[in-house]
Amino acid sequence: MILSNALVKTLTAKIPIMKTQLSTKEMAVLNFLSLNDVDKLTKMLNDAHSEEWLTYYQCWIGAILMEGPKKKEIKPELFILANQELNHALLIKQRMLELGITPIHNPSKTKKMPRCQTPINPYIEVILNQNLEKEGTAIQMYKEIADFTLRKDQKTHQLAIRILNEELQHALDIEKWLTDIQLAKVKLKMPSVANHFAIDV
Ligand SMILES: [Fe+2]
């Protein structure tokens, strides 16, 4: 059979996809995952990858925009936290590539649509509470990945536990900052409900 140039081109284009599938099957055997498990883990890691990118952006833009008491102290801390979220995205991406999974780079294309709250109110407590909510989502997400991979894929399990611990620490840090703000407000005799001012970004 003589293949047309167009068909040769089409088959050649499929080669990287076939390599990815083979690698994923190999991974299933090596890591005691069934192919259904591989599909589920692929979805979970893609969701985590998207969540991390959006959390990074949410923390970063929040740190830039924030206004209010303790801003001077908390802003640089929030930039550090944002960079740790970026590192989570890179760690998840690296693990996906090791497993032969090609990450979906457009968050809106992942099945579970991740949420990103772009601040419409720059008041520091509003921004920190939005970020605290995001940490809660991440904690739940990594608990699920850790449970799912236990005794099936030890390396991904260890990574999920490592990131989970960092997310728990982030939540504690944010709660502490919120407490510091309350104390500062008492000192400054500010009203308990701050004047919120909305802006578009
Ligand atoms: Fe994270």
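Residues are numbered from 1 along each chain as its sequence is written. Because the model is predicted, local features need pLDDT of at least 70 and side-chain atom pairs count only at pLDDT 80 or more, while totals for chains, interfaces and linings use all residues.

The chain has five helices and zero strands, in the order α-α-α-α-α along the sequence. Here helices (H or I, at least four residues) and strands (E, at least two) are DSSP runs, numbered from the N terminus. Of the 201 residues in the chain, 30% are buried. A residue is buried if 20 or more other C-beta atoms lie within 10 Å of its own, exposed if 12 or fewer, and partly exposed in between, with C-beta atoms placed from the backbone. Two residues are in contact if their C-beta atoms, placed from the backbone, lie within 7 Å. Among contacts between residues at least 6 apart in sequence, 79% join residues at least 24 apart.

Buried residues of α5 include Thr 156, Leu 159, Ile 163, His 170 and Trp 177. An α-helix has 3.6 residues a turn, so residues three or four places apart point the same way. The cover over the buried residues of α5 includes α3 (71-98) and α4 (124-149).

Two packed helices are described by the angle between their axes and the distance between the axes. Axes are lines fitted to C-alpha atoms, for helices over the stretch in contact, and angles run from 0 to 180 degrees between N-to-C directions. For α3 and α5, the angle is about 165° and the axes are 11 Å apart. Six nonpolar, four polar and four charged residues form the contact of α3 with α5. In these classes, Ala, Val, Leu, Ile, Met, Phe, Trp, Tyr, Cys and Pro count as nonpolar, Asp, Glu, Lys and Arg as charged, and the others, Gly among them, as polar.

Helices α2 and α4 pack at about 160°, with their axes 11 Å apart, which makes α2 roughly antiparallel to α4. Their contact has nine nonpolar, six polar and five charged residues. One of the α2 residues taking part is Cys 59. Cys 59 is buried, with 27 other C-beta atoms within 10 Å. Beyond its neighbours within four places in sequence, Cys 59 touches Leu 78, Leu 81, Ala 82, Glu 85 and Asn 131 by the contact criterion. Phe 79 is 20 residues from Cys 59 in sequence, and their C-alpha atoms are 7.1 Å apart.

Most residues other than glycine have a negative phi. Lys 70, however, has a positive phi near 70° and lies in the loop between α2 and α3. Lys 70 counts as buried, with 20 C-beta neighbours inside 10 Å. Arg 151, in the loop between α4 and α5, has a positive phi of about 60°. Arg 151 is exposed, with 7 other C-beta atoms within 10 Å. Lys 189, which follows α5, also has a positive phi, near 55°.

Notes
Parallel < 35°, antiparallel > 145°, perpendicular 65-115°, else oblique.
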